[in-house]
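Me: I am new to this structure, and I would like to learn how to read its features one by one. Could you take me through them slowly, giving the general idea before the particular case?

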2 protein chains.
Amino acid sequence: MICVLTGGTGGAKFVDGLRQVIPPEEITLIVNTGDDLLWWGLYVSPDIDSITYVLSGLLSRERGWGVKGDTFLCLQAMGQLGEPTWFHTGDRDLAMHLLRSRLLAEGKTLSDATTMICDKLGVKARILPMSDSRVETRVDTPSGELSFEEYFVQRWYQDPVNSVRFAGASDAEPAPGVLEAILSADAVLIAPSNPITSIGPILSVPGVREALRGARGKVAAVSPIVGNAAVAGPAGILMTAQGLPCSIAGVAKAYEDFLDLLICDTRDARAADALRANGLRVQCAQTIMRSAEDKTALARTVLSYALGGLLADEPNSEKPLSGLPAVPAAADQP
Amino acid sequence: MICVLTGGTGGAKFVDGLRQVIPPEEITLIVNTGDDLLWWGLYVSPDIDSITYVLSGLLSRERGWGVKGDTFLCLQAMGQLGEPTWFHTGDRDLAMHLLRSRLLAEGKTLSDATTMICDKLGVKARILPMSDSRVETRVDTPSGELSFEEYFVQRWYQDPVNSVRFAGASDAEPAPGVLEAILSADAVLIAPSNPITSIGPILSVPGVREALRGARGKVAAVSPIVGNAAVAGPAGILMTAQGLPCSIAGVAKAYEDFLDLLICDTRDARAADALRANGLRVQCAQTIMRSAEDKTALARTVLSYALGGLLADEPNSEKPLSGLPAVPAAADQP
């Protein structure tokens, strides 16, 4: 069993590769819910949506979010009714939000609702929200405190950031199965997601960091930072705001209490050497995922490093271990 | 001021004519909410929707319900998620249900929500739900008691009907403005809607029948029955189930305690004579509305009879009174 901690965008790409490399039944995903929002009165969980869509073959790979081929007529009609339209929910995508909202209104937990929706969509991997309690990522800016989606989607992450906090985290509990999945996995993979606002909320849930420190398998993170910039999105800005360098050293620092292995881009070979000198295992790989082949190759490489562990003392080796099970491509696609 | 009691389908056609004949600012519509349902967790008010859409120029005249040119991709996606799809909500139409549901969840009344939505859509007529309390039309059949939409839309009104009741009616209050609109109107028009399940729920709200009996203006009803059949839908079946003949005599009987004037189809001239012999004022007109011209002509005729009252003793006269204000066509269309 492989456990993956993930956000939406970069994480979804990584998971898209992973599902080609190991049977989806062997993947448990622990997903950030710090971005969740009430939108038009519906409960939207953007990262759970992206991970559910990628595993069911419904994700729009062009946009990286939402349902492929979706239309936006309800959004347009909401605009005509004077309602906000900055968060782009497609017509097909609305079905997900409507069903989840109804299940929650009926008293189901977010975990229950997620499992029920995954069953309906034929998703065979196990998707767990980080918590069934509400933990909200709040971004403090000179214009006031914003929700993550306000900061990221509505305002295009143009505001300077003072700090980030996770409201509700101290009272939250991990969702059922989260700690067990981390503790018992053959490897725990941290997707190339934003360390502050995608992985950070998961780590803020009491018990999760302890579980990562006590995990039976190796904990391996893929860096979302190449050189001194994020591959996409505001990770760099937010790391800086939280006092971390925007580099693989910053990523290593964010995860330092539990990280066994960091996978960074081949362009960071020199920075990798510096980290190794401090005692961290670091492997370089091609981490930019442009094509389906890139995704599969990265997933295979990360898995082989995390499961094998034998290559930890071979700096800069890019050759993955063999011996991974051969699975049919897109096995999870209904 | 003209007050109209109406349901959705036949009522919407009648209102479509009426808005061409008098300025929409001079129309108050009291609308059936007995068909309202929770659909996918959203509060849907089918008759308020149809009346709102017709007055805003958004109604699909082809279907007679929903938004013109709408698509049904969310519905399709809901089906893929295993959710029911028998009630056809279009993608644009969903915006109405989302907004109304959110306003109700925030504590607004159905009246408030209706007014706010009408303002957004530029509707200048005043639309009042019959009540802000929940009054549910329940149809008793050999298969059990059904909501009206289950009986009508889901099961195509194929079940034999034992009886109809309006659950919650005895505890309901008329929505603000309903009684005042009836009492003070220059004429009260009862649209050619189903007397049992469109007008019946309105009449079941305590105080409404009394207001109709005490109305300052004439109360005129347009018969939805021609000969011994309903122009559309299950009105005939339901009238029979409620012990009324399926004829203009049955319509007259349903409204007997307050009706001043019945407008029936020219094909019912003989039945009209029989009713007149019993002392009811009856006028014949072309009541089948196939074209925009049919709708306008019927509205003009009904208004002239209801406002004039002078023709009451001229049996079978189809000549409307002159003297109605000339208004621009489609004045309410944004």
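Me: How many bridges join strand S6 (residues 136-141) of chain B to strand S7 (residues 144-147) of chain B?

Reply: Bear in mind that this is a predicted model. S6(B) and S7(B) run antiparallel and are joined by four bridges, and with two residues between them they form a hairpin. To follow the pairing by eye, look for B:Thr141, which stands opposite B:Gly144 in S7(B), and then for B:Arg138, whose bridge partner in S7(B) is B:Ser147.

Me: In which sense do S6(B) and strand S8 (residues 163-167) of chain B pair?

Reply: S6(B) and S8(B) pair in the antiparallel sense, over five bridges. One residue to look for here is B:Glu136, which stands opposite B:Ala167 in S8(B).

Me: What is the order of the strands in the open sheet of chain B, and which strands stand at the edges?

Reply: In chain B the open sheet has three strands in the order S7-S6-S8, with antiparallel pairing. S7 and S8 of chain B stand at the edges with a single partner strand each, so one side of each is left without a neighbour in the sheet. From one strand to the next, the twist averages 30 degrees.

Me: Turning to helices, at what angle do helix H2 (residues 46-56) of chain A and helix H5 (residues 110-121) of chain A pack?

Reply: In general, two packed helices are described by the angle between their axes and the distance between the axes. For H2(A) and H5(A) the angle is about 25 degrees, and the axes are 10 Å apart. Angles under 35 degrees count as roughly parallel, and H2(A) and H5(A) are therefore described as roughly parallel to each other. The crossing in which H2(A) passes H5(A) is right-handed. On the H2(A) side, A:Ile48, A:Thr52 and A:Ser56 meet A:Thr114, A:Ile117, A:Cys118 and A:Leu121 of H5(A), and by class this contact has four nonpolar, three polar and no charged residues.

Me: How many residues of chain B are in contact with chain A, and which elements of chain B give two or more residues to that side?

Reply: Chain B has 21 residues in contact with 21 residues of chain A. The elements of chain B that give two or more residues are helix H3 (73-80), helix H4 (91-105) and helix H5 (110-120), and the largest share, nine residues, comes from H4(B). By class, the side of chain B that touches chain A divides into 12 nonpolar, four polar and five charged residues.

Me: How far apart are the axes of H4(B) and helix H3 (residues 73-80) of chain A?

Reply: The axes of H3(A) and H4(B) are 7 Å apart, and the two helices pack at an angle of about 45 degrees, which makes H3(A) oblique to H4(B). H3(A) passes H4(B) in a right-handed crossing. The contact is made by A:Leu73, A:Cys74, A:Ala77 and A:Met78 of H3(A), together with B:Asp91, B:Arg92, B:Leu94, B:Ala95 and B:Leu98 of H4(B). Sorted by class, the contact has seven nonpolar, no polar and two charged residues.

Conventions:
Residues are numbered from 1 along each chain as its sequence is written. Chains are lettered from A and ligands numbered from 1 in the order in which they are written. This is a predicted model: local features need pLDDT of at least 70, side-chain atom pairs count only at pLDDT 80 or more; totals for chains, interfaces and linings use all residues. Two strands pair if DSSP finds at least two bridges between them. Two residues are in contact if their C-beta atoms, placed from the backbone, lie within 7 Å. Ala, Val, Leu, Ile, Met, Phe, Trp, Tyr, Cys and Pro count as nonpolar, Asp, Glu, Lys and Arg as charged, and the others, Gly among them, as polar. Axes are lines fitted to C-alpha atoms, for helices over the stretch in contact, and angles run from 0 to 180 degrees between N-to-C directions. Angles under 35 degrees count as roughly parallel, over 145 as roughly antiparallel, 65 to 115 as roughly perpendicular and the rest as oblique. A crossing is left-handed if the near helix is turned anticlockwise from the far one by less than a right angle, and right-handed if clockwise.
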